[in-house]
Amino acid sequence: MHLWLQVLVNGILQGGILGISALAFSLQWGVMNLINLAHGTFQVLAAYLTVLILQHLGLDPLLAVPLVFIIFFLGGYLVQFFLINRVISTNLFMTLLLTYGMDFVLANLMILFFTADYKSINTPYANSSWQLFGLQFPIVRSVALLFLIVLSVLLWLFLEYSRPGRAIRATSMGTEPARLMGLKIPHVYALTFALSSGLAATGGVFFGLSNAFSPASGGPLTVGAFVVTILGGVGTSWGPLVGGLILGVLDAVGSVIFGPTYVNVITFGLLLVILVLRPNGVLGRAG
Amino acid sequence: MAILEVKGLGKDFGGLRVLDDISFSLAEGTVTGLIGPNGAGKSTLVNLIAGSDRPTRGEIYFFSRPLHKLPSWRIARLGLARTFQITRIFKDLTLRENVRLAAWTIGMRGQKLEAEVDRLLALTELADKAAVLSNDLTLPDQKRLQLARALALQPKLLLLDEVMAGLNPVELDKAILLLNRLRQQGITMLVIEHLMRVIMNISDRVIVLHQGQLIADGQPSEVVGLSQVQEAYLGSRYVKSKAAEMEVSGLGGMLNAGNQES
Amino acid sequence: MKRQRNMFLAACVLLLALCIPPLTNDYIVQVGTEMAMYAALAGGWNLIGGLTGYPSFGNVAFFGLGAMLAGALSVNAHWPYWLAAIASVLGTGVFALLLGLPLLRLKGHYFSIATLALAQATLAVVTNTKFLGGGMGMSLPIVGSPGIFYYVMLSIAVLSALITYLLIHSEYGNTLLAIKSDEVAAQAVGINTVLAKSSAFALSGLLGAMAGVVYAIWQSYIDPPTVFEPSITVLMLVMTMMGGAGTVAGPILGAVLIGILTQLAMAVSQNASSLVLGLGIIAVVLFLPKGIMGSRRSGKGGKRRGKNTFPLRG
């Protein structure tokens with residue numbers, strides 16, 4: 001009983017990191033119909049950046065989150081404005097291809113600069129846990145879950161009540177009406193991607209704090225974000241939270257029952273079943 | 001004999017009731033106009049009949065054969081062809097290939113196939129553009145192509161969804177002529193059209209949709225006189241003021257007096 | 001006229017390709033075998049991704065399954081190579097057909113993701129199945145000489161191109177193009193789209209499996225992570241896009257160009273080769289969106305008038 005409770009807690013807390021990652025992924029997808037295959041690699045890059053900040057500025061990773069967010073926000077804006085915007089209106093898979101190319105370039109640049117070896121971020125709290133009711137709550141993952149909840153609320157407030165947030169929502173309903181409303185779509189897109197990149201990077205910091213990573217770690221992260229987004233529904237504010245928790249718990253429970261080598265069978269099997277049963281996505285609009 | 005029978009047809013999108021309890025039948029060889037204001041559910045009705053969409057309630061029979069569970073490609077091969085209001089053409093194919101593909105799917109081959117494609121291209125006045133990639137066609141040409149492609153299926157029933165929108169007066173006359181020729185060939189037609197001139201000209205009968213319901217069904221001249229039809233189109237205030245105006249000028253007889261609100 | 005010229009060009013290229021083993025060294029033959037393999041794979045991808053417009057991100061599943069199945073049947077079930085090869089190719093074809101039925105109901109991104117998941121799920125199942133070699137992979141008995149494998153791969157590449165050629169010049173090929181343009185309209189003119197798409201997917205799977213089987217025998221050692229490597233799918237996609245999607249020569253041209261590019265980059269530095277490939281992909285997307293061969297019959301008068309385009313200067 002106690003074991004299962006702990007497994008459940010682990011799953012829920014794993015859902016926090018998955019959820020932050022999906023928050024970014026789902027936003028791009030929902031607003032621009034953009035699938036960013038470089039998503040996971042952005043996150044790994046954020047983890048490396050955190051290492052550099054820790055080494056050179058001595059800034060604690062959790063305190064560095066705002067700085068990492070801002071750097072990726074700016075970078076994301078430029079990438080969307082000068083690169084992705086050039087092809088996003090042509091067809092779906094040119095953008096897929098472009099982001100895959102970006103993924104390739106980034107991953108290989110990281111190999112050149114940081115080598116292909118695994119790294120981890122060394123902090124005093126990285127491997128410690130809080131004890132509560134006789135259960136272990138790993139600090140980093142617990143904070144990540146709190147972050148996910150706070151970020152979901154902030155993102156929802158931003159999209160619902162701020163001017164740029166409303167512009168983003170209007171654009172997600174179609175570029176034509178948005179343009180008639182006088183919105184500058186390239187900038188709205190760039191803003192969306194900037195925001196997503198910042199969120200992705202935030203998730204990357206937590207990923208780096210709780211896992212060893214290498215330049216090749218991006219792929220599985222992207223796929224995880226896919227699955228969570230599909231589970232929770234594309235472009236919904238609370239989908240990433242819900243999807244993250246579902247996948248986190250399923251993976252945790254599944255790996256105890258079937259063994260860790262079956263986690264991928266569960267994840268991808270689940271993804272396939274959901275896609276086939278709900279061809280237009282669980283809640284989102286059709287591609 | 002009824003070529004098409006629609007019984008209690010309904011369609012919901014989410015919680016929105018787009019079509020409700022629609023029943024009518026089409027007699028073979030007739031031309032029926034389907035009119036109604038924007039958003040009345042006309043295109044949805046055509047989609048349901050052609051199998052591009054599934055009804056929420058009700059049944060559809062084509063020559064007494066149930067259609068509402070068949071995929072749309074089976075329906076097309078049975079001889080029920082359609083055009084789309086927002087044109088759908090195969091832009092990676094030439095105009096000729098567009099038409100030929102349709103004739104090919106119903107089993108035409110060889111010389112007969114090519115001859116039929118030539119005939120249809122001539123009929124729709126597209127022969128000189130046969131080798132053009134259809135991506136490069138103008139909108140009226142795209143509409144004509146859709147018609148040619150539908151005719152290539154050798155249809156017994158043709159559903160035409162605003163094939164004449166955007167045509168100039170000369171083209172319009174030609175189009176009306178063409179539809180009348182098709183009628184003489186015995187093709188039954190259900191025609192959605194906004195231009196009353198066209199509807200009055202070619203229809204044996206007119207049915208009117210308003211907010212997802214069938215509100216009128218009858219001879220064209222009868223139907224346009226009905227006040228609920230005029231209300232649906234123009235709003236009740238317009239009809240009232242118009243009626244008042246006409247009474248004053250002594251032209252009240254133009255409107256069907258029995259249906260007027262006093 | 002134009003067709004004769006193309007035939008002549010194709011014959012010249014084939015003749016040149018046939019001359020490679022006797023005239024060059026083992027290294028070039030090995031590179032050539034790889035190029036032929038990718039030409040075959042990209043050709044297979046082109047059928048579903050280029051002609052039918054369903055961008056599969058999981059075609060490596062067919063390559064990997066073909067390879068592992070052939071290995072398992074010959075090593076673990078002791079079937080002769082030829083029988084294992086035929087069974088593996090047919091088995092993978094049936095696998096593609098059956099999975100195509102539900103997956104091809106999905107559109108756009110959803111299809112791409114589902115095929116990506118398909119490849120990963122297949123990898124996961126293979127890794128967990130002892131008979132198929134499990135996570136350890138397996139060694140196959142060594143047969144043949146490098147030259148033989150070059151010719152076998154080349155014939156699969158030629159077969160792949162031939163199938164594409166025949167498709168494009170048939171009404172079945174037009175059916176696929178119609179589905180790519182507008183699936184609703186395709187159904188409305190009586191096309192059984194489910195059958196057409198699934199059969200294209202199955203053909204794609206057959207070609208992938210053929211290349212996989214030959215790869216397994218050629219390498220004589222295979223393990224799941226190598227033969228299910230997701231970047232193999234992406235290479236198929238990039239090569240096809242670079243050469244020209246929906247064309248016969250496109251995938252071949254793309255495979256040869258990417259192959260040469262990779263070799264050149266490797267000569268500079270081992271690490272740089274992937275970097276160059278990534279930059280190559282970005283360059284293709286930005287500067288050659290229709291591929292070197294261009295898309296089918298567009299060109300001079302082909303103004304872009306897609307409904308979904310919107311001018312981004314605004």
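Me: What makes chains C and A count as touching?
Reply: 40 residues of chain C are in contact with 43 residues of chain A. Two residues are in contact if their C-beta atoms, placed from the backbone, lie within 7 Å. The side of chain C that touches chain A draws two or more residues from each of helix 6 (108–127), helix 12 (230–243) and helix 14 (272–287) of chain C. Helix 6 of chain C gives the most, 13 residues. Helices (H or I, at least four residues) and strands (E, at least two) are DSSP runs, numbered from the N terminus.

Me: What is the make-up of that side of chain C by class?
Reply: The side of chain C that touches chain A has 26 nonpolar, 12 polar and two charged residues. Ala, Val, Leu, Ile, Met, Phe, Trp, Tyr, Cys and Pro count as nonpolar; Asp, Glu, Lys and Arg are charged; the others, Gly among them, are polar.

Me: Where do the model and its numbering come from?
Reply: This is a predicted model, in which local features need pLDDT of at least 70, side-chain atom pairs count only at pLDDT 80 or more, and totals for chains, interfaces and linings use all residues. Residues are numbered from 1 along each chain as its sequence is written, while chains are lettered from A and ligands numbered from 1 in the order in which they are written.

Me: Which pair of chains has the most contacts, and how do you know that chains A and B do not touch?
Reply: Two pairs of chains touch, and the most contacts are between chains A and C. No contact joins chain A and chain B. Their closest C-alpha atoms lie 12 Å apart.

Me: What makes the largest nonpolar core a core?
Reply: A nonpolar core is a set of buried Ala, Val, Leu, Ile, Met, Phe, Trp, Tyr and Cys residues joined through C-beta atoms within 7 Å. The largest has 272 residues. Leu97(A), Ala40(C), Met153(C), Val214(C) and Val238(C) have the most contacts inside it. Helix 10 (residues 193–219) of chain C gives the most to this core, with 16 residues.

Me: Which residues does Leu97(A) contact, neighbours within four places in sequence aside?
Reply: Leu97(A) is in contact with Leu237(C), Val238(C), Met241(C), Ile281(C) and Val285(C).

Me: Why is helix 8 of chain A called largely enclosed?
Reply: 24 of its 26 residues are buried, so helix 8 of chain A is largely enclosed by the rest of the structure. A residue is buried if 20 or more other C-beta atoms lie within 10 Å of its own, exposed if 12 or fewer, and partly exposed in between; C-beta atoms are placed from the backbone.

Me: What about helix 5 of chain C?
Reply: Helix 5 (residues 81–103) of chain C has 23 residues and reaches 32 Å, close to the 33 Å expected. Its buried residues include Phe95(C) and Leu99(C). They pack against helix 4 (60–75), helix 6 and helix 10 of chain C.

Me: How does chain C compare with a compact globule?
Reply: The radius of gyration is taken over C-alpha atoms, and the globule rule is 2.2 Å times the number of residues to the power 0.38. With 314 residues, the rule gives near 20 Å; chain C has 19 Å, which agrees. Buried residues make up 53% of chain C. Its secondary structure comes to 14 helices and two strands.

Note on methods:
Expected span 1.5 Å × (residues − 1).
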